[in-house]
Amino acid sequence: MELSPSAHVDTFCRDRLPPFPLWPELHFDLPELVYPARLNCAQRLLDDAVERWGADRPCLLTPSERWTYGELLHRANQVAQVLTEDFGLRPGNRVLLRGPNNPWLVAAWFGVLKAGGVAVTTMPLLRASELAELHDISRPVVAVCDHRYLDELTAADTPGLAVLAYGGPGEQDLAMRCAAKDGEFANVGTSADDVALIAFTSGTTGRPKATMHFHRDVLANADTFSRHVLKPRQDDVFTGTPPLAFTFGLGGLVVFPLHVGAATLLIEQAAPQQLADLVAEHGVTVLFTAPTAYRAIMAAGAVDRLAGVRRCVSAGEALPAAVWEEFHAATGLRIIDGIGATEMLHVFISAADEDIRPGATGRPVPGYRAMVVNEEGEPVPDGQPGLLAVTGPTGCRYLSDPRQTTYVKDGWNITGDTYIRDQDSYFWYVARSDDMIVSSGYNIAGPDVEKALAAHPYVEECGVVGAPDDKRGMLVKAYVVLRAEVAADEVTVKELQNFVKRTIAPYKYPRAIEFVTELPRTSNGKLQRSELRKQAHAAAD
């Protein structure tokens, strides 16, 4: 295997790609997946869109703003100018992006790619210790941060990181700096296999894994799942709840709509009723969210607000057949389920329209191949559970991480999910195969929460697992052994929950805490989370 000559002056990412023998097999089975050797995905998604469809097409919408394609292009060029002229950004440098879903975050993402940089997208709710860890792994040189989210970034230990705020007052704000630029920028001629973005996925050991994706990968997801399953139209208006820091959100709310010249409504935060109202108010036709939100919209009696929607997409957690059936009965809409992974960038198994079988995730998306294997990597018979294995035009490339050998085996991406394939090649989800807790579409590593809880002086030891929950699919449950003389009461529960919220991203906090006198351990002292999971499931029954 040989990579094209890189346009990156800073070779940090390319130097930290896994050795070729540890790469997954890549194949480009569709003609649209054959890309030129020199490719900047920002050029393809934005500059080419303006040239093809005109500058006046609606592009980025919010409850109070409206940016056209031309305006986004102009501001993205200005961001690229600010980064290169004011901050000395060189091709290959990493830029950390931190903020909720809004137009300036999208402009920053495009500006980084245009300048040949590598976008490092992060969840806006991450705390200082988590940001410090991501910084240590990816070594960004600049952080572009919404001014409302500066405190935790300032508190993080990030030596050498220049911070550029946006959305606030002052002459040093990104918008003010952009106003001083003419908006003329020549995109860096990156290679199709230059790294375009680093996306983090929670590791089951508690340390995040950094996945590296090329410029061609960004387009490949649009040319597979979006083109062949979602089938968007130019007159569509997209919206959804996943943050752009999730590759599910980045694809569904930026890459897919811009790939066809559609518009996207960016929402910073919305409860189910608000989401449904915004869908109605802005004429949304394509909705991306988690099963939790579809349940909540029905529970709120707001399904009538979705009358204009023609496409609903669900990912992030398993979609129960009962939810699919109830939603279809209430709206006539067939939710498009799918499984994706940060390692693969987006959805690789799905189905739409008449191909949907409620309860099944679907079949391999055109361009991808999938099978179910045993621990030795051998295919298991249809109808028997095993590990999901996938290959396609995208695949896992961890940044300097020994877990590459766990995720990629014999050229296949082993996702960590247990599945059954039926005789018609439909894939049916069984369970996660590791310690990940998938709650309301968020991936939460149990050890990550354990680490935060263990730092509280009340806690002697703890174990964290997922517990079944009707609303969230799973919720984070902590089993805690308290230190002597600490009361095992509701006051202590609230104290520990609030402590975790302050220590790590609030969505990770344990919604259920059970106090115990001891934790199940192996003879050599290893925590038996499998036993805790059994207890959590038994308590939920």
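Me: Before we start, what should I know about the model and the numbering?

Reply: The model is predicted, so local features need pLDDT of at least 70 and side-chain atom pairs count only at pLDDT 80 or more, while totals for chains, interfaces and linings use all residues. Residues are numbered from 1 along each chain as its sequence is written, and side-chain values use heavy atoms, with hydrogens and water left out.

Me: Thanks! How many residues does helix 3 have, and what does it reach from first C-alpha to last?

Reply: Helix 3 covers residues 69-86, 18 residues in total, and reaches 25 Å from its first C-alpha to its last, close to the 26 Å expected at 1.5 Å a residue. That expected span is 1.5 Å times one less than the number of residues. Helices (H or I, at least four residues) and strands (E, at least two) are DSSP runs, numbered from the N terminus.

Me: Which residues of helix 3 are buried?

Reply: Among them are Tyr-69, Leu-72, Leu-73, Ala-76 and Leu-83. Buried means under 20% relative accessible area, exposed over 50%, partly exposed in between (1.4 Å probe, protein chains only).

Me: And what follows helix 3?

Reply: Gly-88 does, with a positive phi near 70°.

Me: Switching to strands: is strand 19 largely enclosed or open?

Reply: Strand 19 (residues 412-421) is largely enclosed by the rest of the structure, because eight of its ten residues are buried.

Me: How does strand 17 pair with strand 19?

Reply: Strand 17 (residues 386-391) pairs with strand 19 in the antiparallel sense over four bridges, and Val-390 stands opposite Asn-413. Two strands pair if DSSP finds at least two bridges between them.

Me: What about strand 20?

Reply: Strand 20 (residues 427-432) is antiparallel to strand 19, with five bridges, and Trp-428 stands opposite Ile-420. The two strands form a hairpin with five residues between them, and Ser-425 in that turn has a positive phi of about 70°.

Me: Which hairpin does strand 18 form?

Reply: Strand 18 forms one with strand 19, with two residues between them, and Asp-410 in the turn has a positive phi of about 55°. Two bridges join strand 18 (residues 408-409) to strand 19.

Me: Last topic: what is the strand order in the open sheet of six strands?

Reply: The order is 6-5-3-4-7-8, with mixed pairing. Strand 6 (162-166) and strand 8 (209-214) are the edge strands, each pairing on one side only.
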